[in-house]
Amino acid sequence: MSCSTGGCGTHEDMGFDPNNAEAMAIQEKINNHPCYSEGAHQHYARIHVPVAPACNIQCNYCNRKYDCSNESRPGVTSAKLSPEEAVKKVLYVGGDIQQLSVVGIAGPGDALANPKKTFETFKMLQEKAPDLKLCLSTNGLRLPDYIDEIVKYNVDHVTVTINTVDESGEVGSKIYPWIHWEHKKVWGAEGAKILLERQLEGIKMLTERGILVKANSVLIPGVNDKDLPNVAKKLKDMNVFLHNIMPLLSAPEFGTKFGLEGVPSATDQEVMEAQDACGMDMKLMKHCRQCRADAVGLIGEDKGDEFVSNSFTALSFDELENKYNIEARAKKHEVIENWRANLAEANDRIKVEQGTKAELSSTGETKLVAVTTGGEGMINMHFGSAQEFIVYEAGDKAIKFVMHRKIESAYCSGPENCDGNNPIEEIKTTLKDCDILLTEKIGDCPMSELQSINLIADESYANQPIEKSVHEAVKKHFFTVEEEGELG
Ligand code: CLF
Ligand code: SF4
């Protein structure tokens, strides 16, 4: 795994000045990138093509041998593809899912440890699907060697996973047992120091060339949590666009070193603390879902399973190029942009990117509001179907997006499985610090379960825009609205 980013929606959402040409050029680059723009991720899809099997370092949170279709974490893929198969798959999927806007190479190993396959794929894509953005994710070890190729193929979004900036290599040695460098393995702190030098050199070369860089950091409590604010400061100094702090996912069955040694996953609360510690320096991506190396679809709604058959590989490029209709795709994107503009209007721009409690609330007290959504910026999913919740921090002045929280099992998996033992405990744990849940529909039974953890479930904002509803709901339930006096 090696990827990360964040962003927003319309020009107004980002606060970009329409008279600032440089800012507007950046906005054009991120506007429909679902990772670099938080506002885009409910509307535009990405595809990862797993053409890069090899890796040149070892991370203690990675095991690429492992595969499980229910598993969602970097380094995991169900099949590896050749560059030609990958391009066929992109044309096939892009004809089907017209919201597709980005192709990324994010493993299952490291994109730049497999440069031939990576750049062959990008070269073909540039010719056959010129309307798609190209994106790659790397650990950075070989980044300085491939800057010219990255520029040549118009890869204008690069993610570098950087977990520490500790120059002694001590923190790095707890994350990376070895790196493969100049035909040999370099172990421990010495290897970690080389990796850091190469990452910083590569990032500098990218930003000097105007390529948008996002940095991913895996939050490993007890290992690099204290160093992440230093990472954020360094990233800011180097003009990195976005910082994505991803929780360590760890369990013995993953077969990773951390998992086998019993190092626990980072909790939602630990992620929020790390975000608070880093958010003053860096713009943060908070909507990452730690995608598989063969992910397809909207972030958080993986359709990879629907496209694993070999049906696309049997088709010729001519057939696929007909299916991939650039004009129809452009029309679809126009419809999406109109929808986003209307949504921004309806939401009244009440959401801020960063904000202290005092900036969000006139009393200095804020509440956490969880939402269930099926996409498009609306409260349009029943509680029982939700497999994740979007969490906002809200006050009477403004709201800000905090994170997504996934659950293993939705409350309801269909009437045939409804035996009165629906899984609620995991949901109660996941939402234990939340104050309000906004959902399209919820039954009496789960509603009273949620009341037992002092969570107010409210379905009166069904099919309404999320951000406006979050703001109105928090005011309704927690901030007294003074009655206006009678006139006359
Ligand atoms: Fe893929 Fe990464 Fe490009 Fe996005 S993912 S290569 S920047 S197109 Fe996105 Fe997935 Fe998080 Fe990565 S949600 S893991 S940040
Ligand atoms: Fe795995 Fe290599 Fe990515 Fe580390 S850099 S997470 S070892 S694929």
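## A patch, a sheet and an enclosed strand

Glu301 sits in the loop that links strand 11 (296–298) to helix 11 (311–314). In this predicted model, Glu301 is partly exposed, with a relative accessible area of 34%. Together with Asp302, Asp305 and Glu306, Glu301 forms a negative surface patch.

Eight strands make up an open sheet in the order 10-9-8-5-4-3-1-11, with mixed pairing. Strand 10 (284–285) and strand 11 lie at its edges; each has a single partner strand, so one side of each has no neighbour in the sheet.

Here are some of the pairings within the sheet.

| Strands | Sense | Bridges |
|---|---|---|
| strand 5 (residues 157–161) and strand 8 | parallel | five |
| strand 8 and strand 9 (residues 242–247) | parallel | six |
| strand 1 (residues 45–48) and strand 3 (residues 100–105) | parallel | four |

Now for strand 8: Lys214 stands opposite Thr159 on one pairing, and its bridge partner in strand 9 is Leu242.

Is strand 8 largely enclosed or left open by the rest of the structure? Eight of the eight residues of strand 8 (residues 212–219) are buried, so the strand is largely enclosed. In a regular strand, side chains alternate between the two faces of the sheet. In strand 8, Leu212, Lys214, Asn216 and Val218 point one way, while Val213, Ala215, Ser217 and Leu219 point the other way, and all of them are buried.

Terms used: Residues numbered from 1 in each chain as written. Chains lettered and ligands numbered in written order. Predicted model: local features only at pLDDT ≥ 70, side-chain atom pairs only at ≥ 80, totals over all residues. Heavy atoms only, no water. Patch = residues over 30% accessible without salt bridge, like charges linked within 9 Å, V, L, I, M, F, W, Y side chains within 5 Å. Areas by Shrake-Rupley, 256 points an atom, 1.4 Å probe, with all protein chains shown as cover. Salt bridge = Lys/Arg side-chain N within 4 Å of Asp/Glu carboxyl O. Lys, Arg positive; Asp, Glu negative; His and termini not counted. Charge placed at Lys NZ, Arg CZ, Asp CG, Glu CD. Helix = DSSP H or I, 4+ residues; strand = E, 2+ residues; numbered from the N terminus. Buried < 20%, exposed > 50% of the residue type's maximum accessible area, 1.4 Å probe, protein only. Pairing = 2+ DSSP bridges.
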